[in-house]
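Open the model in a viewer and keep the selection panel at hand. The stops below are meant to be taken in order.

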Protein chains: 2
Amino acid sequence: MAKPKIEEFSANEIYFADIVKALSHPARVRILKILTEMNLCMCGEIVNQLPLAQATVSQHLKELKRVGLIQGDIDGPKVCYCVNPDNLFKAKKELENIFNQLTKKGALSCKTKKK
Amino acid sequence: MAKPKIEEFSANEIYFADIVKALSHPARVRILKILTEMNLCMCGEIVNQLPLAQATVSQHLKELKRVGLIQGDIDGPKVCYCVNPDNLFKAKKELENIFNQLTKKGALSCKTKKK
DNA sequence: ATCGTTCATCGTAAATATACGATAGATAAG
DNA sequence: CTTATCTATCGTATATTTACGATGAACGAT
């Protein structure tokens, strides 16, 4: 089974994992960067800036849209994409929370460095 | 091909994606939390706190070790795991950089909300 | 109405990821 | 040495991910 046993984890844990997974591919991060820098961007422009086929880029856009990090508006035959600042901010805060939990405590290293 | 076309992306982009992917599973995040809270932790304790088989947990631990977020020291027949604070901090900074890049600019929403 | 452009979706192939039982290796205890 | 414990690894099954060509749907322009 490639599917995590998500039913065993909380809704928040699953939400976090979902957002993070969307950020776990270089192409998707680059898409987000492009959209941030260009402020409104046609799908075709993104395809031109990535070493991937149009169908593949479209799939990545769909995934980013699914988790709410971007949105796409139809503009004639083209589609205008942009980031969703609210959700991006929310994801940022969520990640900060996790990392603060993981780094705040003393969190000593192992003493016995045998391996 | 399930493999991203990593050769097309920079080393830093790939490093980031790799770290983030390690964080994209609820079980692995929970493992990190357990290790942070308990400060040194036997593998068996982790298995007890997760709804997963020992073999599966061991696999997740291996992945976290691979990306450098944790380390495991042999202690007799047991293995003592702990987070790697340096790499965790590095990952945190890396994520902050990305998000700062993605959220700093005006990053307007689309105007035409047709879809 | 037809054509060209733009993009999403379908179908498909191959690689990865997730999960678990079974097994093997290492060590402590007896 | 034998046994019990702990953990990694192997083998395997299944689902998901990544990628691309081909096709289809929507729209503007002619």
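Residues are numbered from 1 along each chain as its sequence is written, and chains are lettered from A and ligands numbered from 1 in the order in which they are written. This is a predicted model, in which local features need pLDDT of at least 70, side-chain atom pairs count only at pLDDT 80 or more, and totals for chains, interfaces and linings use all residues; side-chain values use heavy atoms, with hydrogens and water left out.

**Both chains**

Colour by chain and superpose chain B on chain A: this takes a rotation of 180 degrees with 0.0 Å of shift along its axis, at an RMSD of 0.0 Å.

Select strand 2 (residues 70-75) and strand 3 of chain A, which run antiparallel and are joined by six bridges. Helices (H or I, at least four residues) and strands (E, at least two) are DSSP runs, numbered from the N terminus; two strands pair if DSSP finds at least two bridges between them. These two strands of chain A form a hairpin with two residues between them, and A:Gly76 in the turn has a positive phi of about 70 degrees. A:Asp75 stands opposite A:Lys78.

Move to chain B, where an open sheet of three strands has the order 1-3-2 with antiparallel pairing. Its edge strands, strand 1 (41-42) and strand 2 (70-75), each pair on one side only. Then show helix 4 (residues 54-66) of chain B, which lies across strand 2 and strand 3 and runs at about 115 degrees to strand 2. Contact means heavy atoms within 4.5 Å; axes are lines fitted to C-alpha atoms, for helices over the stretch in contact, and angles run from 0 to 180 degrees between N-to-C directions.

**Cavities**

How many cavities of 30 Å³ or more does a search of the whole structure find? There are two. A cavity is a set of points on a 1 Å grid over the protein atoms alone where a 1.4 Å probe fits but cannot get out, a pocket is an open set with protein on both sides within 12 Å along at least five of seven lines, and lining residues have an atom within 4 Å of a point.

Select Lys92, Leu95, Glu96 and Phe99 in chains A and B to see the lining of the largest cavity, which holds about 70 Å³ of space.

The second largest cavity, about 30 Å³, is lined by B:Tyr15, B:Phe16, B:Ile19, B:Val20, B:Ala91, B:Glu94 and B:Leu95. Helix 1 of chain B gives the most to this lining, with four residues.

**Largest pocket**

End at the largest pocket, with about 560 Å³ of space. Of its 21 lining residues, the closest to its centre are A:Ala2, A:Lys3, A:Pro4, B:His25 and B:Arg28.

Notes:
Points joined across faces, edges and corners; volume = space filled by probe spheres on them. Least-squares fit on C-alpha atoms with pLDDT ≥ 70 in both.
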